Amino acid sequence: MKYRYYSTQRPVMPGSYPNNRYVKVLEIHNFDQKEFVQEIGQEAWGYIEYDKPLDYFEVMAYELVAVKIKTLHLRYKGVDDWGRYVYEDENGKLWKNVNCCTPREVCERRGDTLNSSAGNEFDGEPDCYMGAHIQVVYLPDEAVQDE
């Protein structure tokens, strides 16, 4: 599997992308000029492909935009003891929005990055950031039935 990251701020050149021993660069491609890239919905100077996904901090530090190659469907489960919105994916993994203090629908629309929950517990501490290559689809809330 290939993980593609677009460089939106500068052409891909030495020092402008992560180069560590944990991920292998498979391909680097620069455009002749900055151009609109449909798969990320914005302009970029070029892209770099790796054999493994980069971590959240590498993507942010180098101002890269990942191509979304995996989709998770999240269902809202409630608010934890610390006031964080909690979601569950189709695999039963819990995710938290740790930066949202507005109505959760606003945070969902703007695409806030989520964190996994330590121990996969509803009230667990936020753990790892969701990979930049993951697209989130929020499922509609389930209807509450009176008993």
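The legends below describe close-up views of a predicted model.

**View 1. Strands S5 and S6 form an antiparallel pair.** Strand S5 covers residues 70-79 and strand S6 covers residues 85-88. Four bridges join the two strands. One of the paired positions involves Val79, whose bridge partner in S6 is Tyr85. The hairpin of S5 and S6 has five residues between the strands. Within this hairpin, Gly83 adopts a positive phi near 80°.

**View 2. Strand S6 also pairs with strand S7.** Strand S7 consists of residues 94-97 and runs antiparallel to S6, with four bridges between them. Tyr87 is found opposite Trp95 of S7. A hairpin is formed here as well, and five residues separate S6 from S7. In its turn, Gly92 has a positive phi of about 85°.

**View 3. Ser7 is a buried residue of strand S1.** Strand S1 spans residues 3-7. The relative accessibility of Ser7 is 1%, and the residue therefore counts as buried, the limit being under 20%. Leaving aside residues up to four places away in sequence, Ser7 is in contact with Val12, Ala44, Trp45, Gly46 and Leu64.

**View 4. The largest nonpolar core contains 12 residues.** Its members are Tyr3, Tyr5, Val12, Tyr17, Val23, Ile48, Tyr50, Leu54, Val59, Leu64, Ala66 and Ala132. At least two residues of this core come from each of S1, strand S3 (42-50) and strand S4 (64-66). In soluble globular proteins, nonpolar side chains tend to be buried together. Leu64 is one of the core residues. Residues up to four places away in sequence being excluded, Leu64 touches Tyr5, Tyr6, Ser7, Pro18, Leu54 and Val59. Another core, of 10 residues, lies apart from the largest one and includes Leu74, Tyr85, Tyr87 and Trp95.

**View 5. A salt bridge links Glu49 to Arg4.** The two side chains meet at 2.5 Å, N to O. Because Glu49 belongs to strand S3 and Arg4 to strand S1, the pair ties together parts that are 45 residues apart in sequence. Glu49 counts as buried at 4% relative accessibility, whereas Arg4 is partly exposed, with a relative accessible area of 22%. In the whole structure, a search finds 11 salt bridges.

**View 6. Arg84 and Asp80 form a salt bridge.** The closest N and O atoms of this pair are 2.9 Å apart. Arg84 is buried, with a relative accessible area of 11%. Asp80 likewise counts as buried, at 5% relative accessibility.

**View 7. Asp112 and Arg110 meet in a salt bridge.** The N to O distance between their side chains is 2.6 Å. Asp112 has a relative accessibility of 15% and so counts as buried, since this value lies under 20%. Arg110, by contrast, has a relative accessible area of 48% and is partly exposed.

Methods
Residues are numbered from 1 along each chain as its sequence is written. This is a predicted model: local features need pLDDT of at least 70, side-chain atom pairs count only at pLDDT 80 or more; totals for chains, interfaces and linings use all residues. Side-chain values use heavy atoms; hydrogens and water are left out. Two strands pair if DSSP finds at least two bridges between them. Buried means under 20% relative accessible area, exposed over 50%, partly exposed in between (1.4 Å probe, protein chains only). Contact means heavy atoms within 4.5 Å. A nonpolar core is a set of buried Ala, Val, Leu, Ile, Met, Phe, Trp, Tyr and Cys residues joined through side-chain atoms within 4.5 Å. A salt bridge is a side-chain nitrogen of Lys or Arg within 4 Å of a carboxyl oxygen of Asp or Glu.
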